Structure formats: structure tokens, C-alpha cells
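Hello,

Here is the structure I promised to pass on. Please have a look at it first; my notes follow below.

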Amino acid sequence: MITFVGAGPGAEDLITVRGQRLLKNADIVVYAGSLVNPGLLDLCREDCRIYNSAKMTLEEVMEVMTAGERAGKNIVRLHTGDPCLYGAIREQMDELDKECIPYDVCPGVSSFCGAAAALNAEYTLPGVSQSVVITRMAGRTPVPERESIRSFAAHQATMVIFLSTGMLQELSAELISGGYRKDAPAAIVYKATWPEEKVLRCTVGTLAETAERENVTKTALIVVGDILDSEYERSKLYDPSFTTGFRKASSDGGGDVR
Ligand code: SAH
């Protein structure tokens, strides 16, 4: 059996209980060595064979996994954060489908959640933003034009931008041309949940200089939006005058949550 497992954002104890069990039972682990905390591999048995996919091609990864599967081994493909974001799992699944090899996915804590924790942030503040745009600048992987940073910025929703730490000047320009104020709040979260985590609060206009000053060039997320610093409305869910499916309003005239 092959399981794609989310390793979590960095801290060794932020993998799920299920992911931990799968690692303990694995005969073969292929881990994304560029970002997965190597400390997680201490969970593996002594005789577990461990491969670092950062040094391998898709073909080599598939060879290890298909040969292992044919030999009846338990295989873990360990991806950083949650495998569903920028994990390149679809191409692996398609190859496994061709070989009629079954697989499963064990989710993980994505780094965008780790970054929110580091910031003590709520991405969806009532009256400020109720949406989170997860995106990236185009790099070697292109981004469709209709999904440009500029077009998303026009919504003024919370944005979490992956894989773009090397392009912060361009990112600022795109955000501003899309409608974000130069002084709108922003943050750079470097290695969220790792011991060396850095939380750098700044503005849309000062992203590049902030990263340069702190020597941050990779493994960071950029968070943009007024949720980082603004007035908001209280939630309806915990408002005493609102009745919910679980709680009656404490005063007459309470309405239902809309
Ligand atoms: N699947 C992963 C994302 C992989 S793409 C997830 O769910 O988090 C790799 C990018 O994710 C990095 O370039 C960086 O932008 C971001 N990233 C991954 N781990 C991070 C961390 N601990 N802190 C900040 N950014 C991180």
C-alpha cells in the first residue's frame, strides 16, 4: 500500500497521529527532503529504507514506489505541509493509476495554517474578509493569466502567497497595481513552526526590504490583508443575542445565524 502523507509545516509534533503511525509502520519512505523536517524520520524503524526525493526525478520516485508495492511493502510518500498544495501528487497518482496500484492520502497541517498560528491571525475576520486566496507568483511553473496576483488583489481578500520569496519587489508591484494600498498590512513568515521561525510584520510596500534586512530568501509565506491589523465585527456565532443550532439567544428577539 502507498500512502501520501502530509508531514505538517515543520515542527516534528505537527504531523497527524495517523501520519505518525504510517511512518512507524513503513518499510519504505520517500520524503521531500527540501522541506520535510528530517527529525520525523526518527519515527521510522531501523530497517526502513529512506529516499530523499529532492535528489530524484519523478521516474526514479515511481520506480522505488512501484517496485516496493510489488514486493508487498508499506510505502509512505512524505510531502511537506498538506500534499494537496503545490505537492506534485497528481502526476504520481496518474502513474500509479496506470499500474493499477492503489494509494491513499493522509492529510497534514499546511504551512498556511502554521503561518496563521505564528501570527495569531484569523484569516476570515467578520466585516474584513471572509475568503482566503492561496496563490503564488509565476516562476518556472507558470500561473494562468486569469489568476494573476493583480486580479486577486482587486478583491481585497486575505491572501497567502507561496513560493514567491525571491520575487518580492514584483509581488508588491502586482499587489499595488491590483488595488492593495502600499501601506496595507502584510507579513512574511519564515519557516513557520520550525525552531528558527521568523515573523516579520510589514506593509505591502515594504515586503522586499523587510525580507532583505532579515536575510529571508526562501521557505516563507507572504500574508497580505487587513485581517492583520484592523477593526472587525464580532462573530454572530458567539453573539448572546443570536440563536444557533446549539444555543438559544439569551434575550428575546434573538434571530437565527444568517
Ligand atoms: N504542501 C506545502 C507547500 C509546498 S510548496 C504546504 O501545504 O505547506 C513550498 C512552499 O511552501 C515554500 O516555498 C514556502 O513558500 C511554503 N512553506 C512550506 N513550509 C513553510 C513553512 N514552515 N513556513 C513558511 N512557508 C513554508
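The chain has seven helices and twelve strands, taken as DSSP runs (H or I of at least four residues for helices, E of at least two for strands). This is a predicted model, where local features need pLDDT of at least 70, side-chain atom pairs count only at pLDDT 80 or more, and totals for chains, interfaces and linings use all residues. Residues are numbered from 1 along each chain as its sequence is written, and side-chain values use heavy atoms, leaving out hydrogens and water.

The C-alpha atoms fill a box of roughly 65 × 50 × 35 Å along the principal axes. Of the 258 residues, 45% count as buried, meaning under 20% relative accessible area (1.4 Å probe, protein chains only).

Now to the ligand. Around it are 18 residues, of which Leu85, Ser110, Ser111, Ala192 and Ala220 come nearest; a residue is near if one of its heavy atoms lies within 4 Å. That shell divides into eleven nonpolar, five polar and two charged residues, with Asp, Glu, Lys and Arg as charged, Ala, Val, Leu, Ile, Met, Phe, Trp, Tyr, Cys and Pro as nonpolar, and the others, Gly among them, as polar.

Which backbone atoms lie 2.9 Å and 2.7 Å from a ligand nitrogen? A polar backbone atom of threonine 80 is at 2.9 Å, and one of leucine 85 is at 2.7 Å. On the oxygen side, a backbone N or O atom of leucine 163 lies 3.0 Å from a ligand oxygen. The protein covers 94% of the 540 Å² of accessible area that the ligand has on its own (Shrake-Rupley method, 1.4 Å probe).

Best wishes

Conventions: Polar contact = N/O pair within 3.5 Å; in protein donor to acceptor, adjacent residues only side chain to side chain. Buried < 20%, exposed > 50% of the residue type's maximum accessible area, 1.4 Å probe, protein only.
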